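Welcome, and thanks for taking a look at this protein with us. Please open the sequence and the 3D view side by side, and then read on for a short briefing.

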Amino acid sequence: MERRAAALIDDVERARLALSPLRRQLLAALREPASAASLASRLDMPRQKLGYHLRALEEAGLVRLVETRKRRGFVERVLVAEALVLDPGLVSPATGAEKQDRHAAAHLVSVASGVGRE
């Protein structure tokens with residue numbers, strides 16, 4: 001399996017888009033490539049409903065097209081979810097004390113890595 005770098009979600013609108021319960025379920029299901037029709041049967045949901053949400057995820061850059069197939073007079077689109085990481089600053093903005101803790105933690109990691117090298 002090909003290993004990709006994770007994309008950082010640091011935009012509030014993209015985060016809202018990705019974090020709705022149905023869209024989180026779709027992103028989890030799309031770890032492996034799938035079409036709206038195959039997802040509809042797997043998740044027991046109407047294909048049209050999934051198609052709407054998949055288009056929104058694709059427009060936001062959270063899923064990408066990997067293949068198109070001709071099926072009974074139409075084109076089936078196969079999508080896969082991008083590897084995503086949510087910026088922690090979107091969930092809870094850091095207070096002054098938390099910023100100091102982050103700085104102290106970064107310093108400890110830096111010192112520990114230096115000790116490990118010696």
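How do the residues of the lining of the largest pocket divide into nonpolar, polar and charged? There are seven nonpolar, three polar and five charged residues in that lining. Please keep in mind as you explore that this is a predicted model.

- Across the protein, the mean pLDDT is 81, and 73% of the residues reach 70 or more.
- Confidence is highest in strand E2 (residues 34–35), at 94.
- At the other end of the scale, helix H6 (residues 96–117) has the lowest confidence, with a mean of 62.

**The largest pocket**

- The space in the largest pocket comes to about 290 Å³.
- Its lining is made up of 15 residues, and those closest to the centre are Ala-36, Arg-47, Gly-51, Val-75 and Arg-77.
- At least two lining residues come from each of H3, H4 and E4.
- Helix H4 gives the largest share of the lining, with seven residues.

**Helix H4**

- Helix H4 covers residues 47–59, which is 13 residues in total.
- Six names to look for are Leu-50, Gly-51, His-53, Leu-54, Ala-56 and Leu-57, the buried residues of H4.
- Among the elements that cover these buried residues are the helices H1 (12–19), H2 (21–29) and H3 (36–43).
- Just after H4 you will find Gly-61, which takes a positive phi of about 80 degrees.

- As background, most residues other than glycine have a negative phi.
- Asp-44 has a positive phi, near 55 degrees, and is a residue other than glycine.
- You can find Asp-44 in the loop between H3 and H4.
- Asp-44 has a relative accessibility of 72%, and because exposed means over 50%, it counts as exposed.
- Arg-72 is also a residue other than glycine with a positive phi, here near 35 degrees.
- The loop between E3 and E4 is where Arg-72 sits.
- With 82% relative accessibility, Arg-72 is over the 50% cut-off and therefore counts as exposed.

Conventions. Residues numbered from 1 in each chain as written. Predicted model: local features only at pLDDT ≥ 70, side-chain atom pairs only at ≥ 80, totals over all residues. Heavy atoms only, no water. Helix = DSSP H or I, 4+ residues; strand = E, 2+ residues; numbered from the N terminus. Expected span 1.5 Å × (residues − 1). Buried < 20%, exposed > 50% of the residue type's maximum accessible area, 1.4 Å probe, protein only. Contact = heavy atoms within 4.5 Å. 1 Å grid on protein atoms, 1.4 Å probe; cavity = no way out; pocket = protein on both sides within 12 Å on 5 of 7 lines; lining within 4 Å. Points joined across faces, edges and corners; volume = space filled by probe spheres on them. Nonpolar A, V, L, I, M, F, W, Y, C, P; charged D, E, K, R; others polar. pLDDT = per-residue confidence, 0-100.
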